[in-house]
Amino acid sequence: MMPYQFTVSPDFSPDHLSGWFFFNTWLQRQTGEAIHLEMYNSFQSQREAIQRNEVDLIYANPFDAAMLVREKGFLPLVKANDVSDEAIIAVSLDSAVDKVTRLMPGITVAVTEDPDVRMMGMIMLEPADLNADNIKITVCGSYVLVAKHLLQGNADVGIFLAEAYDDLSNITKSKLKILVQSQISVIHHSLMMGSRLADKRDDIQNLLVTMNQDEKGGKVLKSLGFDAWIKVEDEEMEFMIDLMDTLAI
Amino acid sequence: MIRDMKPEDIVGDYKETILGLYGSITRVILYTDIETPFPEGRLIVSTTDKDGIITHVNKAFVEMSGYAEDELLGSPHSILRHPDMPSVAFKDLWDTVNSGKHWQGYVKNLRKDGGYYWVKATVISNIRQGKVVSYTSVRRKPSRTKVEECIKLYPTLF
Ligand SMILES: Cc1cc2nc3c(=O)[nH]c(=O)nc-3n(C[C@H](O)[C@H](O)[C@H](O)COP(=O)(O)O)c2cc1C
């Protein structure tokens, strides 16, 4: 039988790359199933694999949840405890701007490809009458590069994942200024499974929510940057998808 | 349900009017000129049943409306209806979501203390197993320019 294929949203933090491999090893041991971890380097290539039905398990970006659940029949399993996706709008410390509403059309905004963070960031720029049609967007390969663009004056504003902003070096952060940080708290990545695994859902969910109780499991979680998995109910996922829907327009 | 507004809840000088709500009932409205700005970076979220009765609110909703959560749950959403909002806006809202589409618009909402706050609202149907089970509204901080346009436009729609 073909091994199941597991993949992680390409916006994972580089610090957690080895953690995802440890997690996959742990999961194979616990379930006795062969699972292959495939990392894609872009959202585009990952979505193409999903469309070709090549993905069975995914730690998904909330932006892709609608497509996974409503088009591809994926089911939610768990989310990371105490982790939600929040966005930060920041400028260089020497920028004259100290409020979002002072930003003017024509500015250059540095972003990454992370679709949910970009969407939340654009919503926080709306009070200043800014939208995709009156700003210039520069897409960077990482949040470190977004910060670099600000420091070098190549961009006026940066949109960051809050967690990635916190992980910037202190020296970098000391040269930046936060204009606004989102407090949405209900938008989060989730581990989801496709139809090939559906009959194993309860078993896998049980393994995951008790993972922090075993010493090895706890260590693997630590390498992923959180302390436990929390069950995601179907309705919680449906509601998050509805919420994302209202924000996408 | 919806009670008349009480002078002791109101902060600042107020005007008085009566609004017909929910088809049949009327409500004494006490309202002031005090605006509370939409908090930065937050979303105000609520869900109603198919009749527009509030079934869920988030923390930002509670804080901005000035009501306690248990005063909001079970109440018609028109508890926030401000007398400066033309009723055609809400007719459009209901017609749009009932036809299965998203409604988006700028709304001036009334607080328990008589003050107001502007939002950009998006209302959608929550569809489960192919059926509409409820409605959700997500409000974000509006652009000031758009709000200024509405301040000019809305009085012409009465
Ligand atoms: C999900 C949802 C959210 C709503 N939010 C508001 C709101 O924030 N403020 C408001 O005045 N009406 C809101 N409405 C519309 C009210 O249900 C109601 O139609 C409106 O206040 C006008 O009152 P009336 O229909 O009793 O005349 C909402 C409706 C729905 C379905």
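**Labels and their criteria**

Analyst: Between chain A and chain B the count is five salt bridges. This is a predicted model, where local features need pLDDT of at least 70, side-chain atom pairs count only at pLDDT 80 or more, and totals for chains, interfaces and linings use all residues. Residues are numbered from 1 along each chain as its sequence is written, chains are lettered from A and ligands numbered from 1 in the order in which they are written, and side-chain values use heavy atoms, with hydrogens and water left out.

User: Why is the meeting of A:Glu235 and B:Arg128 called a salt bridge?
Analyst: A salt bridge needs a side-chain nitrogen of Lys or Arg within 4 Å of a carboxyl oxygen of Asp or Glu. The N to O distance here is 2.7 Å, so the pair of A:Glu235 and B:Arg128 qualifies.

User: Which element gives the most to the side of chain A that touches chain B?
Analyst: That is α10(A), with eight residues; helices are DSSP runs of H or I with at least four residues, strands runs of E with at least two, numbered from the N terminus.

User: What makes β6 and β7 of chain B a pair?
Analyst: Pairing requires that DSSP finds at least two bridges between two strands. Nine bridges join β6 (residues 116–128) to β7 (residues 131–140) in chain B, so they count as paired, and they run antiparallel. B:Thr122, for one, stands opposite B:Val138 in β7(B).

User: How do you know that β4 and β5 of chain B are edge strands?
Analyst: The open sheet has the order β4-β3-β7-β6-β5 in chain B, and β4 (54–57) and β5 (103–110) each pair on one side only.
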